[in-house]
Amino acid sequence: MIKQQPLSPEKAKQELLKLRQSIDNIDNALIHILAERFCLTQKVGELKATYQLPPSDPQRESEQIARLREMAKSAHLDPNFAEKFLHFIITEVIQHHKAIAKQKIDKKN
């Protein structure tokens with residue numbers, strides 16, 4: 001194994017900037033992916049409200065969590081973190097679905 005020479009302070013700053021730019025790019029992609037996901041879950045909420053289905057689907061949620069935990073393990077990401085992240089998203093989606101259902105009810109009245 002080849003030992004890497006320590007970076008000069010200037011090179012370290014450049015490397016830090018480069019890494020942060022990559023992180024910023026990933027953050028941008030995450031936001032766009034989440035926006036796309038929420039557009040789809042909005043449509044799901046509309047369907048559920050139209051057909052008077054419950055805003056949450058515990059079986060689907062459990063399956064998604066198990067699937068995501070496995071993906072996290074494969075990607076060397078803490079599965080507990082992945083589960084917390086998905087729980088946050090699911091909770092938000094359910095709130096959106098409840099709001100959509102309420103709007104549909106309010107329009108009927």
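What follows is a set of questions and answers on helices, packing, charges and loops.

Modeller: This is a predicted model, in which local features need pLDDT of at least 70, side-chain atom pairs count only at pLDDT 80 or more, and totals for chains, interfaces and linings use all residues. Residues are numbered from 1 along each chain as its sequence is written, and side-chain values use heavy atoms, with hydrogens and water left out.

Biologist: How far apart are the end C-alpha atoms of H1?

Modeller: Helices are DSSP runs of H or I with at least four residues, and strands are runs of E with at least two, numbered from the N terminus. The expected span of a helix is 1.5 Å times one less than its number of residues. H1 has 42 residues, so it should span 62 Å. The model agrees, with the end C-alpha atoms 61 Å apart.

Biologist: And what is that distance for H3?

Modeller: H3 has 30 residues.

Biologist: Which helices do the buried residues of H3 pack against?

Modeller: Buried means under 20% relative accessible area, exposed means over 50%, and partly exposed is in between (1.4 Å probe, protein chains only). The buried residues of H3 include Pro79, Ile89, Val93, His97 and Ile100. Contact means heavy atoms within 4.5 Å. The buried residues of H3 pack against H1 and H2.

Biologist: Which residues does alanine 82 touch, not counting residues up to four places away in sequence?

Modeller: Alanine 82 belongs to the largest nonpolar core. Beyond its sequence neighbours up to four places away, alanine 82 touches Leu68, Ala72 and Leu77.

Biologist: Why is the pair of phenylalanine 81 and phenylalanine 85 called stacked?

Modeller: Rings of Phe, Tyr and Trp (its six-membered ring) pair if their centres lie within 6.5 Å; planes under 30 degrees apart count as stacked, over 60 as edge-to-face and the rest as tilted. A search of the whole structure finds one aromatic pair. The rings of phenylalanine 81 and phenylalanine 85 have centres 6.4 Å apart, and the pair is stacked because the planes are at 20°.

Biologist: Which side chain of opposite charge is nearest to lysine 48?

Modeller: Lysine 48 lies in helix H1 and is buried. A salt bridge is a side-chain nitrogen of Lys or Arg within 4 Å of a carboxyl oxygen of Asp or Glu. Lys and Arg count as positive and Asp and Glu as negative; His and the chain ends are not counted. Lysine 48 has no salt bridge, and the nearest side chain of opposite charge, 5.7 Å away, is aspartate 57.

Biologist: With which residue does arginine 69 form a salt bridge?

Modeller: The structure holds four salt bridges. This one links distant parts of the chain, from helix H2 to helix H3, 14 residues apart. The closest N and O atoms are 2.7 Å apart, and the partner of arginine 69 is glutamate 83.

Biologist: How many residues apart are aspartate 106 and lysine 102?

Modeller: Their side chains meet in a salt bridge of 2.9 Å, N to O. Aspartate 106 and lysine 102 both lie in helix H3. Their separation is about one turn of the helix, or four residues.

Biologist: What is the phi of glutamine 52?

Modeller: Most residues other than glycine have a negative phi. Glutamine 52 lies in the loop between helix H1 (9-50) and helix H2 (58-74). With 64% relative accessibility, glutamine 52 counts as exposed. Its phi is positive although it is not a glycine, at about 50°.

Biologist: Is histidine 76 buried or exposed?

Modeller: Histidine 76 is found in the loop between H2 and helix H3 (79-108). Its phi is also positive, near 60°. Its relative accessibility is 77%, so histidine 76 counts as exposed.

How values were computed. A nonpolar core is a set of buried Ala, Val, Leu, Ile, Met, Phe, Trp, Tyr and Cys residues joined through side-chain atoms within 4.5 Å.
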